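Dear colleague,

I am passing on the structure we spoke about, and I would be glad if you could look through it alongside the notes that follow.

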Amino acid sequence: MKVGIEQIPHNWLEEVINLAAERIVIVDSQGIIKYINAAYCEFIGTTVENAIGKHVNEVIENTRMHIVAKTGQAELAAVQRINGSEMIANRFPLVVEGELVGALGTVMFRNPEEWRQYQSKIQSLVEELKYYKNRFEKESKYNFADLIGNSPAFLASKKLAERISSSHSSVLLLGESGTGKELFAHAIHNGSSRSAFPFVPINCASIPEHLLESELFGYEEGAFTGAKKGGKKGQFQAAHHGTIFLDEIGDMPLSMQSKLLRVLQEKEVQRIGGQKSIPVDVRVIAATHRDLDKMVQEGTFRQDLYYRLNVIKIEIPPLKKRTEDIPFIAKSLLTKLGKRFHRQSTVLSADVIDRLQKHKWPGNIRELENVLERAINVLDGETIEIHHLPLYLRDLEVDHYIQPQQKPDISVKPLKETLALVEKQAILHALAVTDGNKLEAAKLLEIGKTSFYEKCKLYGI
């Protein structure tokens, strides 16, 4: 049975119109008002009874409704001055059975402030959508083909990662800084059934402790001073059906470890200031360069959380234990850097390859990429030679990570002076490895940033 609009009660239609368009006016082909709702009348300071039957010019200031009723040309998002302020209106021609019979107008925004509020809200949503879209596209593009290396230890780790990628169990990635733990996490995500959903990376060491909970779990509107209107969803919600990568999990404060454990056990989050539990379906991949077994024994990492994360453990070998992979990794990095610097034909000389394979690489692949980027910037041809390398790699004797063949120095200096010299050299080398990044250098040396800055000041660095 076909239901026509004539079968809908008149008072229903009135309510539908009021709901569909808060302020609406209809005129005939002569510009006479045939319909206007109470909301529009309230806006312009009149009544429905006074408006109906009058020419629209007599009722609505600066209107163009009668013009649209004549021309049949719609006017969208048009600015119109009413009551001393600019409002934004839409005007549509009414065509019935092929004949132009009038026009319909609606008020979109009553004043510029209302428009700005709407624009601000839409812009915020667009930016948030763009943020997550860009991060999803950027952060989930690596797969197992991007994990370069043929050394036995590396291949064993890669094969284990491939084998368990289709699982939903938690994964713990262990390895020194710069070994590629995040690339492993990307590859595991992309090899899983969750690959169509977000991959959300979180660096637990880079987020201040007082912000970590709101970042992970979100907050409700008014939860604290500065909480944005409408609240904010946390990264666990953002990763729903996908994967969350908790990098530097060993740096997570104990207070947060217990809250994370609850989320992993209950598979639900509760926003700060909220009472409702929100279900989340997320696979957790955690990573750290720290010795979590030792931290558990020392009481700085929760044993129950460790067991919850350590379902599948994958250890990624450092670069110094797979030097045979360096030529292949370097070639891949040169391809990547070549696109950025428009140097597609760059190669390494045999001497450079030999020198790179003798270095101990405390900064691992991150340090190697830094070295190659530096070399490309000073390159005057297509082949990277020894003189294009940083100073600490150029001369074996200044690289204290390599044992140079030289005659022993028979002079003996005071122990304090000798230790200070070695400490200064270690700091300088760490800064060279991290391209001057003091926080990263302090991490490599495994000392606190305050202590690191004090030593830099002491040695005039």
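**What was found**

A search of the whole structure finds 0 disulfides. Please keep in mind while reading that this is a predicted model, and that the values below were computed from it.

Cys41 has a relative accessibility of 2%, and because anything under 20% counts as buried, Cys41 is a buried residue. Cys456 is also buried, since its relative accessible area is 2% and the cut-off is 20%.

Turning to the chain as a whole, its secondary structure consists of 20 helices and 16 strands. The chain has 461 residues, and 40% of them count as buried, while its accessible surface comes to about 25800 Å², with 52% of that belonging to carbon and sulfur atoms.

Helix H18 covers residues 415-433, which is 19 residues, and it reaches 27 Å from its first C-alpha to its last, close to the 27 Å expected at 1.5 Å a residue. Which residues of H18 are buried? They are Ala426, Ile427, His429, Ala430, Leu431 and Val433. These buried residues of H18 pack against helix H16 (364-378) and helix H17 (391-394), and also against helix H19 (438-445) and helix H20 (449-458).

Methods: Residues numbered from 1 in each chain as written. Predicted model: local features only at pLDDT ≥ 70, side-chain atom pairs only at ≥ 80, totals over all residues. Heavy atoms only, no water. Helix = DSSP H or I, 4+ residues; strand = E, 2+ residues; numbered from the N terminus. Buried < 20%, exposed > 50% of the residue type's maximum accessible area, 1.4 Å probe, protein only. Areas by Shrake-Rupley, 256 points an atom, 1.4 Å probe, with all protein chains shown as cover. Disulfide = S-S within 2.5 Å. Expected span 1.5 Å × (residues − 1). Contact = heavy atoms within 4.5 Å.
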